[in-house]
Amino acid sequence: MKKVFWGFFFVFINFNLSVNAHTLNLLPDFVGYILLHQAAGALAEESGRFRKIRPFTLAMAVYTGILWTGDLLGVTGGGSWLDTILSLAALVISLYISWSVVQAILELESARGADLNGASVRTAWFVLLAAQIVGVLGAMLLSFLVLLVWIALLVGIIWFLAALWKCAKRYEGLPPKNAGLGEL
């Protein structure tokens, strides 16, 4: 579960180093998607949702890896209509991945009969979703909302990561999945 946390940490947190037209993201998104892909494989037995997101995490790792390399070389970011469509598609896929993780955590809580902080993770995801929607609409319609959206997005990211961290810590405290079955 900690790889889920670190995966989203790399996806959501960006530290960029820019020199002329070249940008180096020190916490590249593709690393986050690789970590999420690995975590989904490790947790596939806990919930089928983890297994279902693996192709999407791999696709996003490739896509964001290409973008990272292009940014590094200064060859991406032209702002064309194709860039816009690809960015929106990536946003939808990213939201699908994160929602699937939220649902998998809730399923895991139910199956294991344990509180893994899933309700807080779900609420934080809705804050992120609202910030994304307002951000996209705000960017297209009302540019003065951008600052408010970034603040809401930052709150959502911190909340989501904190809730995932708490979930990971609680998951570590769970007994093994088959514990107690031999005593029947």
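How far apart do the end C-alpha atoms of residues 81-102 lie, and what percentage of the span is helix? In this predicted model, the end C-alpha atoms of residues 81-102 are separated by 32 Å, and the span is 100% helix and 0% strand. The stretch is among those that UniProt, in an unreviewed entry, lists as "transmembrane region", namely residues 55-75, 81-102, 123-141 and 147-165. For residues 55-75, the distance between the end C-alpha atoms is 27 Å, with 90% of the span in helix and 0% in strand.

Helix 3, formed by residues 48-73, packs with helix 4, formed by residues 81-112, at an angle of about 150 degrees, and the two axes are 10 Å apart. Because angles over 145 degrees count as roughly antiparallel, helix 3 is described as roughly antiparallel to helix 4. The crossing of helix 3 past helix 4 is left-handed. On the side of helix 3, the contact is made by Arg-49, Phe-50, Lys-52, Ile-53, Phe-56, Thr-57, Met-60 and Tyr-63, whereas the residues contributed by helix 4 include Leu-86, Ala-90, Ile-93, Ile-97, Val-101, Gln-103 and Glu-107. Taken by residue class, the contact of helix 3 with helix 4 comprises 12 nonpolar, 5 polar and 3 charged residues.

The phi angle of Asn-117 is near 75 degrees, a positive value in a residue other than glycine. Asn-117 counts as buried, because its relative accessibility is 12%, and the cut-off for burial is under 20%.

Definitions and conventions: Residues numbered from 1 in each chain as written. Predicted model: local features only at pLDDT ≥ 70, side-chain atom pairs only at ≥ 80, totals over all residues. Heavy atoms only, no water. Axes fitted to C-alpha atoms, helices over the stretch in contact; angles between N-to-C directions. Helix = DSSP H or I, 4+ residues; strand = E, 2+ residues; numbered from the N terminus. Parallel < 35°, antiparallel > 145°, perpendicular 65-115°, else oblique. Left-handed = near helix turned anticlockwise from the far one by under 90°. Contact = heavy atoms within 4.5 Å. Nonpolar A, V, L, I, M, F, W, Y, C, P; charged D, E, K, R; others polar. UniProt positions renumbered as here; feature names shortened; annotations may be inferred. Buried < 20%, exposed > 50% of the residue type's maximum accessible area, 1.4 Å probe, protein only.
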